[in-house]
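Please keep the sequence and the three-dimensional view at hand while reading.

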Amino acid sequence: SYVMDRDPKAPVANQPVSGYEFSYYNLNTGKEGALKDSLITLASFKMDPYAPSRNPEAKFVVGVKMTAKFVDWELPKKQVTSSPKDDKIVDQKFKYDLEVNELGEIIGGQWISSGSGTNQPDYFYVAPKDWKKYFADAEGL
């Protein structure tokens, strides 16, 4: 699981991501498809608005459309029990591209904005499985 600060215009507010869906698309044609059909060589991406900031080791690029599902804020309610079905889930859509090297490894990417700006998150945070080792016991508590 991970959390995300999903609103770049609001104060920092971590929200849990409960799921996501994504699809790939060809950045030249806009056609969605399988990764192998959507991945293009960087050299063939003629109208690349991010060309000056690409990773020099990038050989390929692919477009990604993602819908992230968030547990939305709610006021507390007095209930006997609580379950996932009580959560309010909201969707937020993102577009970005991924830069890929010769070995097929993701080595970078760019958020794709539309219109007057982007709704890209400020950050993602994943807590490692061994997170407890990063917090020492406070003496005297």
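Strand 6 and strand 7 (residues 106–111) are joined by 5 bridges and run antiparallel. Strands, like helices, are DSSP runs numbered from the N terminus, with at least two residues (E) for a strand and at least four (H or I) for a helix. Two strands are said to pair if DSSP finds at least two bridges between them. Within this pairing, Leu98 stands opposite Gly109 of strand 7. The two strands form a hairpin with 5 residues between them, and Gly104 in the turn has a positive phi of about 85°.

The model is predicted: local features need pLDDT of at least 70, side-chain atom pairs count only at pLDDT 80 or more, and totals for chains, interfaces and linings use all residues. Residues are numbered from 1 along each chain as its sequence is written, and side-chain values use heavy atoms, with hydrogens and water left out.

The loop between strand 6 and strand 7 also holds Asn101. Is Asn101 buried or exposed? With a relative accessibility of 8%, Asn101 counts as buried; the term buried applies under 20% relative accessible area, exposed applies over 50%, and partly exposed covers the range in between (1.4 Å probe, protein chains only). A polar atom of the Asn101 side chain lies 2.9 Å from the backbone nitrogen of Leu103. Beyond residues up to four places away in sequence, Asn101 touches Glu57, Lys59, Phe60 and Ile107, where contact means heavy atoms within 4.5 Å.

Strand 6 (residues 89–100) has a further partner in strand 5 (residues 60–71), and these two pair in the antiparallel sense over 12 bridges. In this pairing, Ile89 of strand 6 is the bridge partner of Val71. In a regular strand, side chains alternate between the two faces of the sheet.

Strand 5 is also the place of Lys65. This residue counts as partly exposed, at 30% relative accessibility. Leaving aside neighbours within four places in sequence, Lys65 is in contact with Glu21, Phe22, Ser23, Tyr25, Glu32, Phe94 and Lys95. With one of these, Glu32, Lys65 makes a polar contact between side chains at 3.2 Å. A polar contact is a pair of N or O atoms within 3.5 Å; within protein, one must be able to donate a hydrogen and the other to accept it, and residues adjacent in sequence count only if both atoms are side-chain atoms. Lys65 also lies over the face of Tyr25, at 5.2 Å from the ring centre. For a charge to sit over a ring, NZ of Lys or CZ of Arg must be within 6 Å of the ring centre and within 35 degrees of the ring normal. Lys65 and Asp91 are 26 residues apart in sequence, and their C-alpha atoms are 13 Å apart in space.

Attention now turns to the aromatic rings. A search of the whole structure finds 4 aromatic pairs. One is formed by Tyr20 and Phe22, which are stacked at 6.2 Å centre to centre with 25° between the planes. Phe22 and Tyr24 have ring centres 5.4 Å apart and planes at 75°, so this pair is edge-to-face. Rings of Phe, Tyr and Trp (its six-membered ring) pair if their centres lie within 6.5 Å; planes under 30 degrees apart count as stacked, over 60 as edge-to-face and the rest as tilted. Tyr20 is partly exposed at 47% relative accessibility, Phe22 is partly exposed at 44%, and Tyr24 is partly exposed at 21%.

Strand 1 (residues 2–5) is joined by 4 bridges to strand 2 (residues 14–25), and the two run antiparallel. Another 3 bridges join strand 1 to strand 8 (residues 123–125), again antiparallel. Val3 takes part in both pairings: Pro16 is its bridge partner in strand 2, and Tyr125 stands opposite Val3 in strand 8.

Finally, the chain may be viewed as a whole. The protein chain has 1 helix and 8 strands, which run β-β-β-α-β-β-β-β-β from the N terminus on. Its radius of gyration is 19 Å, whereas a compact globule of 141 residues would have one near 14 Å; the radius is taken over C-alpha atoms, and the globule rule is 2.2 Å times the number of residues to the power 0.38. Along the principal axes, the C-alpha atoms fill a box of roughly 60 × 35 × 30 Å. Buried residues make up 27% of the 141 residues.
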